[in-house]
Amino acid sequence: MANRLASSTSPYLLQHADNPVDWWEWGEDAFAEARRRDVPVLLSVGYAACHWCHVMAHESFEDEHVAEVVNAGFVAVKVDREERPDVDAVYMNATTSLTGHGGWPMTCVLTPDGDPFFAGTYFPREHFLTLLANVSRVWSEQRDDVLASGAHIAARLREVTAPGPSAPITRDTTSYAVRSLRGHYDLARGGFAGAPKFPPSMVLEFLLRHHAATGDADALAMARGTCEAMARGGIYDQLAGGFARYAVDADWVVPHFEKMLYDNAQLLRVYAHLWRATGESLWRRIASETADFVVRDLGTAEGGFASALDADTVVDGVSVEGATYAWTPAQLDEVLGEDDGQRAARLLSVTDQGTFEHGSSTLQLRADPDDASWWADVRARLLTARDARPQPARDDKVVTSWNGLAVAGLADAGVLLDRPDLVDAAQRCARFVIDTHLVDGRLRRASRDGVVGSAAGVADDHGNLAEGLLALHQATGDPEWLAVATDVLDIALTHFRDDDGAVHDTADDAEQLFSRPRSQGDNAEPSGLSSLAGAWLTLAALTGSPTHREAAESALAAAGPLAGRDPRFAGWSLAVAEAALAGPLQVALVGRGPSAEEMLAAARSSTSPGLVLTHGDPDSPGRPLLEARPRVGGEPTAYVCRGFVCDAPVTGVDALRQALARA
């Protein structure tokens, strides 16, 4: 049996390379084989850090009998949803349409033409064997019905993904969104609705921007309450920094332990922005620690950032969820001694009964310790002891989209927290992604160990990478990042946007699936639509381009109906809309030296959602906002423009603060 997964760039596929199941990678060869053998395709979609994907792999895909059944009756195709989000999206639409819910691992059965006729998620071994037997029987005895059903499902899903009505996102829309979110807000515990609770990163950014634009106290209170609940709960790694994927309970106590780059990249930015808005030290600490986690634990040798740390840890050959992170009182005593151990147990909510499994507890920090130096010592000792435990595996593929989010978060946090090391890390990442993932003028989705994969970049790769490059340009003043962002966003205009303004997740020349995916809602990360809207809007503000401004406004209008109906799933669209409503607020700063640095810091302290910032020498090439803007009296000078209408230039930090206060 050929091992077709052995040379994959996907850690998830490599996890399955030695299965007795005769896996194929997604591609025409697999479907040609299904047509040759006259059998259906069994499609299994997951990702490397997925707990239940591991469970199904151990129960079924590593089982010789299950493999015999699969190999005899199907062509088995394994897909990493993070490398092929397009494949994942179209078949997840089928799964949710057929079953009413989705998730991973996703299990679909397709005709040799790719039409889905059965879909589900995780199946225990015996249920999976029953499914395989029933599908084989139906395929053999009711073939015409199966083919007709698959064609009908595909046709209906194509209708569902067709462009729908548009509605501009207005100030009324954003104000309604805050009221709607208030109705779902958990006043006692933070977050929205009940368990499980996911970090609502994009909604939090929207709330901060809405507060900055309108002064709405409820918006800030919901953002602050949620950020504090997450930062003090077990979903946050109190020893090493960084957030787990979600909490299984409403109190944020027990996480699903995988730690994703996209969550942490967005959250470090949110906490940095919350610190800018309030000056409260907790937010600065969480932003800084989360950034440190990203750089230290997800950084790759090439300069990019790995996708995730696994939810499970292998202990004595068995995968155990959370084994690296959970503690008992006795374990604290063993590391710290009895006195410090008991004190730490009280501080960190580690109980004899346990808050997790088998009498163990996740670590919470519900209140700041009364002795900061004692806590710093205890934290360091516990982390050293934890580092000696078996560690979760790392999914070390570098995804363009998520690295773009990391660049944006690190660039913003670096300048706001006065951490130039974070800006340096953002620049290293941007350089690697541009040099490696931009191939023959087009973006690829992912790489591993410096080797780029063949999967084409999708819309959010372009939008989120450009978002990061534009943030990096504003942090450093380097015109290269603006130039590359412009190229990336022009590619998106050409290949992802129709003549009528509709934005698709895949390019017009990408592989054609049974439907062309087109997502409007934000999920764990900005959708292709909202990520491009935000980047197009920022580029327009930095360059004055009406083409990109119009593209941004059209994309926001496409997201408008969802934003008005359920803002929890339109967080980034609403955040971008706040920027569109408030801006552009353009600040062009010319000059160098200590006075210029003070003025830069003053500009960056503005919370206006519409703010964009360019700085450098007068008439610096590649920076349109600096053209024909000289220093006044030889001093560093700021030009402040609102909606492309400019005030008189100002010199000195006090004058700049006054000008920004009028924004």
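Glutamate 28 and arginine 35 form a salt bridge in which the closest N and O atoms are 2.2 Å apart, a salt bridge being a side-chain nitrogen of Lys or Arg within 4 Å of a carboxyl oxygen of Asp or Glu. The model is a predicted one, in which local features need pLDDT of at least 70 and side-chain atom pairs count only at pLDDT 80 or more, while totals for chains, interfaces and linings use all residues. Residues are numbered from 1 along each chain as its sequence is written, and side-chain values use heavy atoms, with hydrogens and water left out.

Across the whole structure, 48 salt bridges are found. Aspartate 340 forms one with arginine 381, with the closest N and O atoms 3.0 Å apart; this pair links distant parts of the chain, since aspartate 340 lies in helix 14 (residues 338–348) and arginine 381 in helix 15 (residues 372–387), 41 residues apart. Helices (H or I, at least four residues) and strands (E, at least two) are DSSP runs, numbered from the N terminus. Arginine 381 also meets aspartate 377 in a salt bridge (3.1 Å, N to O).

In helix 24 (residues 653–661), Val653, Leu656, Ala659 and Leu660 are buried, where buried means under 20% relative accessible area, exposed over 50% and partly exposed in between (1.4 Å probe, protein chains only). Seen down the helix axis, these buried residues fall within an arc of 120°, so they line one face of helix 24, the arc being that of the directions from the helix axis to the C-beta atoms. The face turned away from the buried side carries the exposed residues Asp654, Gln658 and Ala661.
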